[in-house]
Amino acid sequence: MKASENNLNQTLLAENVVDRCKKGDVRAFRELYDAYSAAMYNICVRMTNHGSDAEDILQEAFIQVYRSIGKLERGASLSAWIKRIVVNHCLNYLRKKKVYFEEVDNVEVREEAGVDESQFSWTVGAIKAAITTLPTGYRTVLNLYLFEEYSHKEIAEMLGISESTAKTQYMRAKEKVRQIVNQQNIMN
């Protein structure tokens with residue numbers, strides 16, 4: 001099966017489930033939850049750094065998905081729509097925790113020069129562990145950009161900060177992760 005056929009089949013399946021959810025079919029909503037909850041839970045964990053809070057946020061987000069599914073337009077990406085709801089719930093959680101995003105004006109953000117990654121002995125586990133130690137503001141921007149693939153402009157809009165601040169927070173977060181992992185490599 002070609003990738004385009006696979007995407008078409010996924011789209012048709014998603015539309016079928018959404019149509020059934022809109023008609024009140026509870027089993028369809030269960031299918032939707034089963035299909036997306038694991039991925040959305042991972043977003044919640046990355047954004048909050050707390051498993052139990054992530055579970056609560058996931059539950060609240062899926063309640064909103066259930067209540068709002070009638071508003072989803074035909075042809076819209078179901079996964080992107082659900083992800084946006086989940087991310088918004090995570091951001092609301094962080095706002096309640098009074099996460100501070102340092103505004104940075106007039107700071108030139110350098111594009112990265114090529115890095116020879118072969119000189120590092122980084123592991124995925126070491127990088128994940130380093131990310132969990134980041135200050136919440138850095139971790140939030142890094143997760144939104146790197147894992148959720150939002151642009152710096154979208155991140156700035158979501159967080160109510162400037163685009164340059166989003167870029168700066170991302171660059172600082174990456175540098176901090178690099179320092180933490182390098183420090184761990186030296187210690188081992």
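How many salt bridges does the structure hold? The structure holds eight of them, where a salt bridge is a side-chain nitrogen of Lys or Arg within 4 Å of a carboxyl oxygen of Asp or Glu. Before I go through some of them, please keep in mind that this is a predicted model, in which local features need pLDDT of at least 70 and side-chain atom pairs count only at pLDDT 80 or more, while totals for chains, interfaces and linings use all residues. Residues are numbered from 1 along each chain as its sequence is written, and side-chain values use heavy atoms, with hydrogens and water left out.

Let me begin with the network of salt bridges that links Arg-20, Asp-25, Arg-27 and Glu-31. Within it, the side chain of Asp-25 meets that of Arg-20 in a salt bridge at 3.2 Å, N to O, and Asp-25 also meets the side chain of Arg-27 at 3.9 Å, N to O. As for how open these residues are, I call a residue buried under 20% relative accessible area, exposed over 50%, and partly exposed in between, with a 1.4 Å probe and protein chains only. Arg-20, at 24% relative accessibility, counts as partly exposed, and Asp-25 does too, at 22%, whereas Arg-27 counts as exposed at 64%.

Next comes a pair within one helix, and here helices are DSSP runs of H or I with at least four residues, numbered from the N terminus. Glu-175 forms a salt bridge with Arg-178, with the closest N and O atoms 3.3 Å apart, and both residues lie in helix α8, residues 163–187, three residues apart, or about one turn of the helix. Glu-175 is partly exposed at 34% relative accessibility, and Arg-178 is partly exposed with a relative accessible area of 22%.

Finally, I turn to helix α3, residues 51–68. Its 18 residues should span 26 Å at 1.5 Å a residue, and the end C-alpha atoms are 25 Å apart, which agrees; the expected span is 1.5 Å times one less than the number of residues. Which residues of α3 are buried? They are Ala-54, Ile-57, Leu-58, Ala-61, Phe-62, Val-65 and Ser-68. Seen down the axis of α3, these buried residues fall within an arc of 135°, so they line one face of the helix, the arc being that of the directions from the helix axis to the C-beta atoms. On the other side of α3, Gln-59 and Arg-67 are exposed, while what covers the buried residues includes α2 (26–48) and α4 (78–96).

Notes: Helices (H or I, at least four residues) and strands (E, at least two) are DSSP runs, numbered from the N terminus. Contact means heavy atoms within 4.5 Å.
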